[in-house]
Amino acid sequence: MAQPFLEVSGLHKDFGGLTATNNVSFAMGRDEVLGLIGPNGAGKTTLVRLISGILRPDRGSIRFKGKNITRKKTWDIVNMGIASTFQNMRPFRRLPIIANVMVSCLSPRAMKRGEWVKKVEAKAMDALEFAGISDMALEKASTLSQGDLKRLEVARAVATEPELLLLDEPFGGLSPAETDLMAKSIARLHKGGRFGRLHSEGPAMIIIEHKLAQLMKIVDRIIVLDFGNIIADGTPEQIVENPEVIEAYLGEGEI
Ligand SMILES: Nc1ncnc2c1ncn2[C@@H]1O[C@H](COP(=O)(O)OP(=O)(O)O)[C@@H](O)[C@H]1O
Ligand SMILES: [Mg+2]
């Protein structure tokens, strides 16, 4: 069988006595958009932080394009083509918005395509344009609303020209209209193409989201976590009919 694009095997993470991810295994292909859902505290953010190198697993491994990335540093993982946006966003608040994105453009991965500092600003501007906040480029990041902070996160991730993008609650705190816009940007990014000076090869994606109706429009497949365990893995249609999934969500009123 061909080498999977991303292969997570037996990934285990405890926090003190609490198991956040329990022996999680799955694989995904280069063209997939994977939704990751589950009740609060199910281990979704932990799983994505393990993949992006922010957390180290206690056991298990992560392979990306055939390479073992389990204990690599976040910076190296970004340079291999995995970018993430975070549930709790922490921009450089005192820097202008555009400078926040320029930092991402300075990754060796982005620069090895022959660009250099002169072009970084133009590229960062293209990423802001892609994310829909280019008109605010010179404002301080501290002035951004929750919705615009999400867009800044997307711009920063896109600026690294990733092959795998990890999105942690991209619709969190957004109005219905903003959610629609964000969903459209995500779908457009996955299709790929040139956005000004940025190349997008249409990254594979893992998207954590509670807004299931919106999520289902943009994903091919959904994995459900509950108490750190994968309890279902299938198409959106299979997932909404899965009795174990319905049971796990009882009382949350979200499915
Ligand atoms: N840094 C941490 N220290 C201690 N416990 C944590 C930490 N991060 C997450 N947890 C715990 O691990 C569990 C899974 O959390 P998380 O991955 O954030 O879940 P989800 O994103 O699905 O809501 C929760 O019980 C949470 O309280
Ligand atoms: Mg979370």
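Reader: Where does valine 103 sit?

Author: Valine 103 belongs to helix H3, which covers residues 97-105. Keep in mind that this is a predicted model.

Reader: Switching to rings. How many aromatic pairs are there?

Author: The count is two. In one of them, phenylalanine 5 and phenylalanine 64 have ring centres 5.0 Å apart and planes at 65°; angles over 60 degrees count as edge-to-face, so that is the label for this pair.

Reader: Which parts of the chain does that pair link?

Author: Distant ones: phenylalanine 5 is in the segment before E1, while phenylalanine 64 is in strand E4 (residues 59-64), and the two are 59 residues apart. Both phenylalanine 5 and phenylalanine 64 are buried.

Reader: What's the geometry for phenylalanine 130 and phenylalanine 195?

Author: That pair is tilted, with 4.8 Å from centre to centre and 50° between the planes. Here too distant parts of the chain are linked: phenylalanine 130 comes from helix H5 (residues 117-131) and phenylalanine 195 from strand E8 (residues 193-195), 65 residues apart.

Reader: Why do phenylalanine 130 and phenylalanine 195 count as buried?

Author: Buried means under 20% relative accessible area. Phenylalanine 130 has 4%, and phenylalanine 195 has 13%, so each falls under that cut-off.

Reader: Nice. Now charges: how many salt bridges does the whole structure have?

Author: A search finds nine. One of them joins arginine 30 and glutamate 163, whose closest N and O atoms are 3.2 Å apart. Arginine 30 is in the loop between E2 and strand E3 (33-37), and glutamate 163 is in the loop between helix H6 (146-158) and strand E7 (164-168), 133 residues apart.

Reader: Which residues make up the network around that one?

Author: Arg30, Lys65 and Glu163 are linked in a network of salt bridges. Arginine 30 is partly exposed at 22% relative accessibility, whereas glutamate 163 is buried at 10%.

Reader: What does arginine 221 pair with?

Author: Its partner is glutamate 32, in a salt bridge with an N to O distance of 3.2 Å. Arginine 221 lies in strand E11 (residues 221-226) and glutamate 32 in the loop between E2 and E3, so parts 189 residues apart in sequence are tied together. Arginine 221 is buried at 14%, and glutamate 32 is buried at 19%.

Reader: How about H6, where do aspartate 148 and arginine 151 lie?

Author: Both are in helix H6, three residues apart, about one turn of the helix.

Reader: Last topic: what's the strand order in the open sheet of four strands?

Author: The order is E2-E1-E4-E5, with antiparallel pairing. Strands E2 (18-28) and E5 (67-68) are at the edges with a single partner strand each, so one side of each has no neighbour in the sheet.

Reader: And how many bridges pair E1 with E2?

Author: Seven, with E1 being residues 6-15. Glutamate 7 stands opposite alanine 27 in E2.

Key: Residues numbered from 1 in each chain as written. Chains lettered and ligands numbered in written order. Predicted model: local features only at pLDDT ≥ 70, side-chain atom pairs only at ≥ 80, totals over all residues. Heavy atoms only, no water. Pairing = 2+ DSSP bridges. Phe/Tyr/Trp six-rings, centres within 6.5 Å; stacked < 30°, edge-to-face > 60°. Buried < 20%, exposed > 50% of the residue type's maximum accessible area, 1.4 Å probe, protein only. Salt bridge = Lys/Arg side-chain N within 4 Å of Asp/Glu carboxyl O.
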